Amino acid sequence: MDENEKWILSFYRTSEITGALFFGRLAKGMKPGPIQRDMTKHFSDESLHAWYWQKCLEDLNEKPIKMRESYQDQYLEAAGMPVNIMEVLAITQIFEKRVIQQYAIHSQAPDLNPLIRNTFEKIMQDEKWHIEWVGKALKELESEYGKELIEQTIKKFSKADKEVYEKTLDEHEERLRKILSIRKK
Amino acid sequence: MAAFLKIKATKLTDEAVLTDLVTESFILVEMVIELQEEFSVRLVQEDLKHVKTFGDLIRVFESHAK
């Protein structure tokens, strides 16, 4: 396996673990209810995805690279710390859309190993549900936070997401562009 | 809060910088959300914009709890 590909699959794995741990701890501390329930499934999905990536790497006779920083760490830096559940869900919705977009681009990469493609396909099914439940939860939170504030929050985090994605592309330009065959806009 | 952060309560001084008390920023997010649930307070990002220390955080919660 190409070192660049090994790096990016390890990066996906680390981000899935970070998401699982964050939602797991949040779900543990929240009052029981629909959001807490769906967040519990969400963290179990993220955990499973991390396992899929590790299994995929091992099936390709590789070991994941241990990474300290994840994609989500950069989110906090760019967008600031979300301080309530609405803000957490707003940033999650933006992040999940970015994940789906990124996985869709990567799954179209030329000469992609079928094992990697199958892993994308399995994960993408769950990611669609993530966007669905988070969207529903945000709709339900309109009565508490107001539609306008939620829309403003999503807009603010979308801007931060674009910055983080561009920064990630810039930092790892060579390896990412080589694998994904994409051009900077 | 000391139990949540897994640190000694004596470290929670007014001047203690929050980012020095935690190893990961995500722990701060979880703690602030739990505290809001615990004290029935609702904050938005703007409320914590200038919060740096433990004392700053306490004062924000106090002002919103009134």
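A:His49 counts as buried because it has 24 C-beta neighbours inside 10 Å (buried means 20 or more other C-beta atoms within 10 Å of a residue's own, exposed means 12 or fewer, partly exposed is in between, and C-beta atoms are placed from the backbone). This is a predicted model, where local features need pLDDT of at least 70, side-chain atom pairs count only at pLDDT 80 or more, and totals for chains, interfaces and linings use all residues. Residues are numbered from 1 along each chain as its sequence is written, while chains are lettered from A and ligands numbered from 1 in the order in which they are written.

**Around A:His49**
- A:His49 sits in helix 2 (residues 34-59) of chain A (helices are DSSP runs of H or I with at least four residues, strands are E runs of at least two, and both are numbered from the N terminus).
- Leaving out residues up to four places away in sequence, A:His49 touches A:Glu16, A:Ile123 and A:Asp126 (a contact means C-beta atoms, placed from the backbone, within 7 Å).
- A:Lys122 is 73 residues from A:His49 in sequence, yet their C-alpha atoms are 8.5 Å apart in space.

**Chain A overall**
- Chain A has eight helices and zero strands.
- Its radius of gyration is 17 Å, close to the 16 Å from the globule rule for 185 residues, so chain A is as compact as a globular protein of that length (the radius is taken over C-alpha atoms, and the rule is 2.2 Å times the number of residues to the power 0.38).
- Along the principal axes, the C-alpha atoms of chain A fill a box of roughly 50 × 35 × 25 Å.
- Of chain A's 185 residues, 34% count as buried.
- Take the contacts in chain A between residues at least 6 apart in sequence: 79% of them join residues at least 24 apart.

**Where A meets B**
- Chain A puts 15 residues into the contact, and chain B puts in 15 residues.
- On the chain A side, helix 1 (3-29) and helix 4 (85-107) each supply at least two residues.
- Helix 1 of chain A gives the largest share of that side, four residues.
- By class, the side of chain A that touches chain B has nine nonpolar, three polar and three charged residues (Ala, Val, Leu, Ile, Met, Phe, Trp, Tyr, Cys and Pro count as nonpolar, Asp, Glu, Lys and Arg as charged, and the others, Gly among them, as polar).

**Confidence**
- The model scores ipTM 0.78 and pTM 0.85.
- Chain B averages a pLDDT of 87, with 98% of the residues at 70 or above (pLDDT is the predictor's confidence in each residue, from 0 to 100).
- Within chain B, confidence is lowest in helix 1 (residues 2-5), at a mean of 81, and highest in helix 4 (residues 54-65), at 91.

Key
Two residues are in contact if their C-beta atoms, placed from the backbone, lie within 7 Å.
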